[in-house]
Amino acid sequence: MTDASIIDTTREPLSGQPKEPTVRDYVLLLKPRVMSLSIFTALVGMLCAPAHVNPVIGFAAIVCIAAGAGGSGALNMWWDADIDAKMRRTAGRPIPDGRMASGEALAFGLALSVLSVMMLSVFANPLAGGLLAFTIFFYVVVYSMWLKRSTPQNIVIGGLAGALPPLVGWAAATGSVSVAPLLLVGLIFMWTPPHFWALALFAETDYEKADVPMLPNVAGDAATRKQILIYALLLAPVAIAPAFTVVGGPLYLAVALFFNARFAAGAWRLRRRDEAQASADKYGAERAFFRLSLHFLFWSFAALLAEAALRAGLGDYAAAMHLF
């Protein structure tokens, strides 16, 4: 891959000359679902940190993190427009569908990415800005431009980009890095492969048409199910560990034990399936496991938020009792 190909702004959608993009097209360019996950986990990292954050500064920091996530999503769509056009799941995106020029998406993504890093460094601190810059670089350059089209381990290594937002939020609040947010990064990092491989099992033909080496179309479905089980088991201790840090507590521990048991059981059921069973129910179990993985991550981080609220409430109660 040459430097010239990286900065190419002339690649146009296969469907012809682009139409005038709408506001909705720009919103879609930000990958709002992925962006919402980054916002949520970054917010949890910020609110769980043992530091007081001015609400105005905290809000500004989250806006910057959201802009950075959206900018990296736009750059990913610019780079992947050719393969997006080949997959049913992504063919309706603004660039492959001809609603936006690739150069316009590139400029939009670069502007958002640069501004988000600069403003987060100003509103919060340079460490948070630097971590956001690294997150954007890793997602766009390391994952999108290098790993995605070159190795079936793309989502394993590239998953680090999606795992970093809680660390960025923590750094925005504290100006430092510690064990607790690193465990949250580890949780998302280990969760990402089984989550995406479950999707790849029932979207295998899409990735095959686009020549993206996802694990199912390279190693086969049986090997993918085995890897899902391995990662589900490796995830459990990483996901439970935050319960014993400053961000955890009994509520989080109960939620982590419940969802990790369900996750491991679901992965075990997938491991025991063969192709005839999967085809007969139209990959229903794989789709169910994919949905379970979304609930797993949401409720894990929601429990951390609840723990933070309980600590704040108990702190206020103790302070009130001290007055008497």
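**Loops, salt bridges and helix pairs**

A: Let us begin with Lys31, which sits in the loop between α2 and α3 (32-48), where helices are DSSP runs of H or I with at least four residues, numbered from the N terminus. This is a predicted model, in which local features need pLDDT of at least 70 and side-chain atom pairs count only at pLDDT 80 or more, while totals for chains, interfaces and linings use all residues. Residues are numbered from 1 along each chain as its sequence is written, and side-chain values use heavy atoms, with hydrogens and water left out.

Q: Okay, and what is phi of Lys31 near?
A: Phi of Lys31 is near 55°, a positive value in a residue other than glycine.

Q: Is Lys31 buried or exposed?
A: Lys31 is buried, with a relative accessible area of 13%; buried means under 20% relative accessible area, exposed means over 50%, and partly exposed lies in between, using a 1.4 Å probe and protein chains only.

Q: What about Asp211, where is that?
A: Asp211 is in the loop between α11 (204-209) and α12 (215-219), and its phi is near 60°, a positive value in a residue other than glycine. With 63% relative accessibility, Asp211 counts as exposed.

Q: New topic: how many salt bridges are there?
A: The count comes to eight salt bridges, where a salt bridge is a side-chain nitrogen of Lys or Arg within 4 Å of a carboxyl oxygen of Asp or Glu. One of them joins the side chains of Arg99 and Asp25, at 2.7 Å from N to O. Arg99 lies in the loop between α5 (81-84) and α6 (102-123), and Asp25 lies in helix α2 (residues 23-29), so this pair ties together parts that are 74 residues apart in sequence.

Q: Why can side chains pair like that?
A: Side chains of opposite charge can pair when their charged atoms come close.

Q: And are Arg99 and Asp25 buried or exposed?
A: Arg99 counts as buried at 15% relative accessibility, and Asp25 is buried too, with a relative accessible area of 3%.

Q: Which other salt bridge does Arg99 make?
A: The side chain of Arg99 also meets that of Asp97 in a salt bridge, at 2.7 Å from N to O, and Asp97 is partly exposed, with a relative accessible area of 32%. Elsewhere, Asp84 and Arg93 form a salt bridge at 3.1 Å, N to O, and both of these residues are buried.

Q: Which residues are linked in a network of salt bridges?
A: Asp80, Asp82, Lys148 and Arg149 are linked in such a network.

Q: Switching to helices, how do α7 and α8 cross?
A: The axes of α7 (residues 126-147) and α8 (residues 154-163) come within 7 Å and cross at roughly 160°; axes are lines fitted to C-alpha atoms, for helices over the stretch in contact, and angles run from 0 to 180 degrees between N-to-C directions. The two helices are therefore roughly antiparallel to each other, a word used for angles over 145 degrees, whereas those under 35 count as roughly parallel, 65 to 115 as roughly perpendicular and the rest as oblique.

Q: Which residues of α7 and α8 meet?
A: Among them are Phe134, Phe138 and Tyr143 in α7, and Ile155, Ile157 and Leu160 in α8, with contact meaning heavy atoms within 4.5 Å.

Q: What about α4 and α7, at what angle do they pack?
A: Helix α4 (residues 55-79) and α7 pack at an angle of about 15°, with their axes 10 Å apart, and that makes α4 roughly parallel to α7.
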